[in-house]
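The tour goes from strand to sheet to ligand, then out to a loop.

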Amino acid sequence: VILRRVHPEPPDGGPAESIDVEAPDARARIAELYAPSSEQWLRLNLVHSVDGSAKGADGTSHELSSAPDRAVLGAIRSLSDLVLIGAETLRAERYLLPQNQRLAVVTGSGDLSGAKTKEPLPEDRILVVGPAAAEARARETFVTAFTFVALPEKDDRRLDVRAVIAALRDRGAPRIVCEGGPHLAQQLLRSRLVDEICLTTSPKLVGGAFPVLGTKPLDEQSLELRQLLVDDAGSIYARWYAGGRAPIS
Ligand SMILES: NC(=O)c1ccc[n+]([C@@H]2O[C@H](COP(=O)([O-])OP(=O)(O)OC[C@H]3O[C@@H](n4cnc5c(N)ncnc54)[C@H](OP(=O)(O)O)[C@@H]3O)[C@@H](O)[C@H]2O)c1
């Protein structure tokens, strides 16, 4: 499968950059195309259907993804200090824990059932971030060792996502990719914490109604299209620069 960069065009009017995603150097070449423009950033990386759904009929994003989408996901992960997800993604997707990457899971309930791992991971590899009351349940339900990061709850076991990101940065993660789900992505956008949205559009109509950036209205904000890749199966991969990041104290 070939990924082609259609925006920006090559400066000399030559052929568009193309990458065979099965080639041994594909991951490194895709990573070059996703090089961030600053040393500290927060990216969203998500996939949706043409009719705007973040999940297919099986209730997960699996049927929207593809080999090149996974190659892009791997390349973005390789540029990141940490992958961040909401607990519902872990439960719904029967999430396979990254084996070589730090992961943070945000939870209010502490229910982390459903995750899978190829092997037990060291406890500093996984951060579970939640109110103190969630720790016992997390220890009962999670598949491997982890470090619990307790933060004050705002109400009903919900955390302030700005405090979550600050806590992750304090733990050595200036470069963060949030891979969803929509509820968590939306809170990060509403808090103006997101620098860039990496969004795959999968060439499918799935008939669902589960918007990839959440259901609540967002403040109006202009985005800049930094890059557009297309693969030969028709998926498109956009890098939308959001900028205007709010400083984190
Ligand atoms: N298309 C894609 O790219 C993509 C990516 C990821 C997921 N998905 C799909 O999206 C669905 C899951 O996404 P989702 O939006 O429903 O859920 P989500 O954002 O993955 O997780 C929501 C959960 O995260 C925890 N959480 C989020 N914000 C929190 C806060 N401020 N304080 C405390 N806890 C917080 C809570 O966990 P507790 O319930 O434990 O309290 C909450 O219920 C699944 O169907 C999955 O397959 C699609």
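Select Arg-4 and look across to β10: Val-230 stands opposite. Helices and strands here are DSSP runs (helices H or I, at least four residues; strands E, at least two), numbered from the N terminus. Now show β1 (residues 2-7) and β10 (residues 224-231), which run antiparallel and are joined by four bridges. Two strands count as paired if DSSP finds at least two bridges between them.

A word on what you see: this is a predicted model, where local features need pLDDT of at least 70, side-chain atom pairs count only at pLDDT 80 or more, and totals for chains, interfaces and linings use all residues. Numbering starts from 1 along each chain as its sequence is written, and side-chain values use heavy atoms, with hydrogens and water left out.

Pick Leu-225; its bridge partner in β11 is Trp-240. Then go to the hairpin of β10 and β11, with four residues between the strands. Gly-234 takes a positive phi there, near 100 degrees.

Zoom out to the sheet. It is open, has eleven strands and mixed pairing, and its order is β2-β1-β10-β11-β9-β3-β8-β4-β5-β6-β7. β2 (18-20) and β7 (147-150) are at the edges; each has a single partner strand, so one side of each lacks a neighbour in the sheet. Neighbouring strands are turned by 20 degrees against each other on average, direction ignored. Axes are lines fitted to C-alpha atoms, for helices over the stretch in contact; angles run from 0 to 180 degrees between N-to-C directions.

For a parallel pair, select β4 (residues 82-86) and β8 (residues 175-178), with three bridges. Leu-84 stands opposite Cys-178 in β8.

Now the ligand. Which residues come nearest? Of the 29 around it, they are Val-47, Thr-89, Glu-93, Thr-107 and Ser-109; around means a heavy atom within 4 Å. α3 gives the most to this shell, five residues. Show the polar backbone atoms of Gly-59 and Gly-108: a ligand oxygen is 2.8 Å from the one in Gly-59, and a ligand oxygen is 2.8 Å from the one in Gly-108.

Last stop: Leu-96, in the loop between α3 (87-92) and β5 (103-106). Beyond its neighbours within four places in sequence, Leu-96 is in contact (heavy atoms within 4.5 Å) with Lys-116, Thr-117 and Lys-118.

Methods
Polar contact = N/O pair within 3.5 Å; in protein donor to acceptor, adjacent residues only side chain to side chain.
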